[in-house]
Amino acid sequence: MPALITLTTDFGAKDAFAASMKGVILKINPQTQIIDISNEITPQDIWEAAFTLRSAYSHFPKGTVHLAVVDPGVGSGRRPIIVVTESFYFVGPDNGLFSLIYQDAERIRVHHITSTHYFLPNPGPTFHGRDVFAPVAGWLAKGIPSGNFGEEITDYTKLNIPVPKTAGNSIEGHIVHIDRFGNLITNITFKDVQPFMAEGPDPGVATVAVAGKEIKGLKKFYAEATPGELGAIFNSSGALEIFMYRQNARTALPAKRGEVVRLTMTR
Amino acid sequence: MPALITLTTDFGAKDAFAASMKGVILKINPQTQIIDISNEITPQDIWEAAFTLRSAYSHFPKGTVHLAVVDPGVGSGRRPIIVVTESFYFVGPDNGLFSLIYQDAERIRVHHITSTHYFLPNPGPTFHGRDVFAPVAGWLAKGIPSGNFGEEITDYTKLNIPVPKTAGNSIEGHIVHIDRFGNLITNITFKDVQPFMAEGPDPGVATVAVAGKEIKGLKKFYAEATPGELGAIFNSSGALEIFMYRQNARTALPAKRGEVVRLTMTR
Amino acid sequence: MPALITLTTDFGAKDAFAASMKGVILKINPQTQIIDISNEITPQDIWEAAFTLRSAYSHFPKGTVHLAVVDPGVGSGRRPIIVVTESFYFVGPDNGLFSLIYQDAERIRVHHITSTHYFLPNPGPTFHGRDVFAPVAGWLAKGIPSGNFGEEITDYTKLNIPVPKTAGNSIEGHIVHIDRFGNLITNITFKDVQPFMAEGPDPGVATVAVAGKEIKGLKKFYAEATPGELGAIFNSSGALEIFMYRQNARTALPAKRGEVVRLTMTR
């Protein structure tokens, strides 16, 4: 199988930061296929990067190296790491970027990258994406064992990820992401509602409250709503999502990331 | 020849939707080359997707699979289809997205995709780009015959595409697209003016009227106009286009998609 | 080694211009790997393209063909050229786009592309990116010698690139680029300050003046500054850069490209 590396960064498409990383990788192994997950993460937004990476990484072939660089602490003491799971490798800074991977994976191993001979010569303190992480990902995808890059560590950084709270017949979560369509995505998942659905899902009797609005019932697909109607749905990642069919829920609803969302099951 | 798939979607570059589709394709065939035609189609704008796909698809190698997903009806009754022409495959929803392909192709065959074993396991109702269309495109590019995916149909959906009207020595069309440079692209093509050019093109004697402005003569290349001057030209797709040299015609002219444009030949 | 071509254009991600170029290249050689350096150059901004290309090109493998098309003069008399350096090929219009390559390279050879049989059939006058430059890059990457495309020329176009001026213990340069993080990048490089650092760099005693503000000392990495503090640093390209940690220096400072920046060494 050819080497496959994905990229998740806040480097944008206008400047050549991501391209420089790709050049470094291809110099190590010109046969590498490189796929952008996103280079449009909001600058320095570690959570958004973690969320975006999580929504895509598992769809790639086993053995893929997921390179992620949102790195406000570049050049300071924060450690460069490799995370190894059952199926994938992750390379990036130890700042919490891989928190959702730690949550998902059955078993993980984290290496502190210290073998500087895999870096570009004379790495600078401002662009480890190019000087440290890209070459490490390139060599890793070329077959260098993860253990060669440094010792295993256990005190890696995890973001504090709030979980939804169930009380009686309602679940309180919050908005964790707003996508390009203006859909408001929550941390309430299909798993959270399963206890209320012993006899199979009956989404018709749920109510979603957000930002002073109440949405009655859950939809199964977007077009079930009428244009301009607010709807709630369990989306393709299994998360409760508030949408407005053929329009933008975000512009209709003054809701931001962090906003509380309450799902109430009325049976 | 390696498998080649292009992508035309409204999924944007910030979220990981397009990347998830690419992961699914590469899991089926890691040797696939995937090229973005555009993931920046205005959300749910089927016409814009049709127009954008048309401006690029024919430049790709014979056998390319063009995957296009702008799909407001995802999860509802609208059918997933494969379109087969002399040279290409097209995969996407049957919502009119391929209308300009139907217009261009000498012969086409359209299949309703019903062989669900080519889908991801347990496809959801909200993201067929990932669960249905990407795997179908992947298998198609890997060599599965189009007939294996489902029966041929003839009642596929076509957008109502307005054609320019010729009356006397003038042709009335309208703006069908505005590009990133602010160029206003019309549905009047070089073919439409050929009847007026029996003795070869004489663009000097044409006048273009749009949004209350009149542009005299046609240019052969952009730099023929002076900076800030409105010009009209037959562009690289053979369409009449209104431009402002080194500036943005859209900001100078309050014209939108749908705006009437009249070309008058004065001989 | 597989053929590798990079793309630097002002064609954007929304329209299919860049994709059409890629299709043309892949039709010539389906094995080509194509990497975007940037398609988001400000429309017709030749300097920005030159700067962006320079920040990335050297990180790619030897033999890479760098295709760059920011081409306001398309269709007019400006010449299509191939630039050959020790390690790379560059293909694009002769409008100054490669000025920084001429500056960097130890030896260069420039060919005026005149062998029209390498172009697409019937190239139009408005989109040489697709009709002229993409096929030339494709054939070049496939192994056609650069000399086959046309005669060598020596009167190629160079942008007038201002250099920093040293007077006494201060260096006056200006802002040449503002990146997506809002960092203000100057044309003052680490080389310019070396005469002041006979006994090794002592950045603590430097002062940077820009747009009425004074920044004392130089940082070694971004996180050395406190959030919201303006800092100055020699960046990953060796250029003096003004940043605001975890914020956007551009929005804090009313500075544009061209703004004067003065670095004073106080020892």
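Predicted model: local features only at pLDDT ≥ 70, side-chain atom pairs only at ≥ 80, totals over all residues.

Colleague: Okay. What is the secondary structure of chain A?

Modeller: Chain A has six helices and 15 strands.

Colleague: And how far does the C-alpha trace of chain A span?

Modeller: About 60 × 35 × 35 Å along its principal axes.

Colleague: What share of its residues is buried?

Modeller: Chain A has 267 residues, and 58% of them count as buried. Its accessible surface is about 10600 Å². Carbon and sulfur atoms supply 50% of that surface.

Colleague: What about contacts along the chain? How much comes from residues 24 or more positions apart?

Modeller: Take the contacts in chain A with a separation of 6 or more. Residues 24 or more positions apart make up 66% of those.

Colleague: And the charges?

Modeller: Chain A carries 25 positive and 25 negative charges.

Colleague: Let's switch to interfaces. How many residues does the contact take from chain A and chain B?

Modeller: 35 residues from chain A and 33 residues from chain B. Together the two chains bury about 2700 Å². Carbon and sulfur atoms account for 57% of that area.

Colleague: Which residues of chain A lose the most area there?

Modeller: His59(A), Arg180(A) and Phe181(A). Together they give 27% of what the chain A side buries against chain B.

Colleague: How many salt bridges cross between chain A and chain B?

Modeller: Two. One of the salt bridges in the model pairs Lys14(B) with Glu48(A), at 2.6 Å from N to O.

Colleague: Now chain A against chain C. What's the count of residues in contact?

Modeller: 33 residues of chain A touch 35 residues of chain C. About 2700 Å² is buried between them, with 56% from carbon and sulfur atoms. There are two salt bridges here.

Colleague: Which residue does Glu48(C) pair with?

Modeller: Lys14(A). Their closest N and O atoms are 2.6 Å apart.

Colleague: Why is helix α2 of chain C called largely enclosed?

Modeller: Because nine of the 11 residues of that helix (residues 46-56) are buried. Among them are Trp47(C), Glu48(C), Phe51(C) and Leu53(C).

Colleague: Back to chain A. What does Asp45(A) pair with?

Modeller: Arg257(A), in a salt bridge of 3.0 Å from N to O. Asp45(A) is in the loop between β2 (33-38) and α2 (46-56), and Arg257(A) is in the loop between α6 (249-252) and β15 (260-265), so the pair ties together parts 212 residues apart in sequence.

Colleague: What about Asp94(A) and Arg79(A)? How far apart are they, N to O?

Modeller: 2.9 Å, in a salt bridge. Asp94(A) is in the loop between β5 (89-93) and α3 (99-104), and Arg79(A) is in the loop between β3 (65-69) and β4, so this pair ties together parts 15 residues apart in sequence. Asp94(A) and Arg79(A) are both buried. Asp155(A) is linked with them in a network of salt bridges.

Colleague: Where does Pro80(A) lie?

Modeller: In strand β4 (residues 80-84) of chain A. Pro80(A) counts as buried because its relative accessibility is 12%, and the cut-off for buried is under 20%.

Colleague: What does Pro80(A) touch?

Modeller: Leaving aside neighbours within four places in sequence, its contacts include Gly92(A), His111(A), Ile113(A) and Phe133(A). Pro80(A) and His128(A) are 48 residues apart in sequence, with C-alpha atoms 8.8 Å apart.

Colleague: Last one: is His174(B) buried or exposed?

Modeller: Buried, at 17% relative accessible area. His174(B) lies in strand β9 (residues 170-178) of chain B. Beyond four places in sequence, the residues it touches include Pro162(B), Ile185(B), Gly258(B) and Val261(B).

Conventions
Residues numbered from 1 in each chain as written. Chains lettered and ligands numbered in written order. Heavy atoms only, no water. Helix = DSSP H or I, 4+ residues; strand = E, 2+ residues; numbered from the N terminus. Buried < 20%, exposed > 50% of the residue type's maximum accessible area, 1.4 Å probe, protein only. Contact = heavy atoms within 4.5 Å. Areas by Shrake-Rupley, 256 points an atom, 1.4 Å probe, with all protein chains shown as cover. Lys, Arg positive; Asp, Glu negative; His and termini not counted. Charge placed at Lys NZ, Arg CZ, Asp CG, Glu CD. Buried area = accessible area lost by both parts, 1.4 Å probe. Salt bridge = Lys/Arg side-chain N within 4 Å of Asp/Glu carboxyl O.
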